Amino acid sequence: MRRYRKQLFENFQDENFNPDTKYELAYKRVKRVKGFYIHVLVYVLVNTFNIVSTYNSSELGSEIFIRWETFSTALFWGIGLLAHGLSVFGRDLFFGSDWEEKKIKEFMDKDKNQKWE
């Protein structure tokens with residue numbers, strides 16, 4: 001699936017590429033990003049409510065607030081949110097679109113400089 005998307009993106013610049021298909025790809029991308037931001041908003045609201053309500057029902061300084069159950073929902077949902085973010089923003093988050101080319105040039109320049117020394 002990733003190769004198909006990459007191929008579509010590479011053909012995006014092609015003159016014969018249908019403008020409707022360009023719009024459709026952009027629309028799907030915007031919907032995925034919007035869905036991620038809605039997920040973040042719900043995550044923040046629900047976990048804030050969960051932690052504040054647990055804090056208000058416990059006494060100050062008691063061990064009731066500092067328990068695994070209080071923060072486990074936020075932790076595991078946060079892992080899911082991270083996975084959702086990586087699926088939306090993909091490899092571009094850590095490895096930009098031209099990261100491979102930059103690294104190849106860097107290694108070639110490094111090897112070329114070492115041979116002359």
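## Exercises on a helical chain

E24 and K28 are four residues apart in helix 2 and are therefore separated by about one helical turn. The structure is a predicted model, in which local features need pLDDT of at least 70 and side-chain atom pairs count only at pLDDT 80 or more, while totals for chains, interfaces and linings use all residues. Residues are numbered from 1 along each chain as its sequence is written, and side-chain values use heavy atoms, with hydrogens and water left out.

### Exercise 1

Determine which elements the chain has and what percentage of its residues count as buried.

*Solution.* Step 1: helices (H or I, at least four residues) and strands (E, at least two) are taken as DSSP runs, numbered from the N terminus. On this basis the chain has four helices and zero strands, in the order α-α-α-α from the N terminus on.

Step 1: a residue is buried under 20% relative accessible area, exposed over 50% and partly exposed in between (1.4 Å probe, protein chains only). Of the 117 residues, 14% count as buried.

### Exercise 2

*Solution.* Step 1: side chains of opposite charge can pair when their charged atoms come close. The criterion is a side-chain nitrogen of Lys or Arg within 4 Å of a carboxyl oxygen of Asp or Glu. The count by this rule is one salt bridge.

### Exercise 3

Find how helix 2 and helix 3 are oriented to each other.

*Solution.* Step 1: axes are lines fitted to C-alpha atoms, for helices over the stretch in contact, and angles run from 0 to 180 degrees between N-to-C directions. The axes of helix 2 (residues 19-57) and helix 3 (residues 68-89) come within 10 Å and cross at roughly 170°.

Step 1: angles under 35 degrees count as roughly parallel, over 145 as roughly antiparallel, 65 to 115 as roughly perpendicular and the rest as oblique. The two helices are therefore roughly antiparallel.

Step 2: the contact residues comprise 14 nonpolar, 11 polar and two charged. Here Ala, Val, Leu, Ile, Met, Phe, Trp, Tyr, Cys and Pro count as nonpolar, Asp, Glu, Lys and Arg as charged, and the others, Gly among them, as polar.

### Exercise 4

Decide whether V88 and L81 are buried or exposed.

*Solution.* Step 1: V88 lies in helix 3 and, at 4% relative accessibility, counts as buried. The C-alpha atoms of V88 and R29 are 8.1 Å apart, although 59 residues separate the two along the chain.

Step 1: L81, also found in helix 3, is buried with a relative accessible area of 11%. Its C-alpha atom lies 8.1 Å from that of Y43, 38 residues away along the chain.
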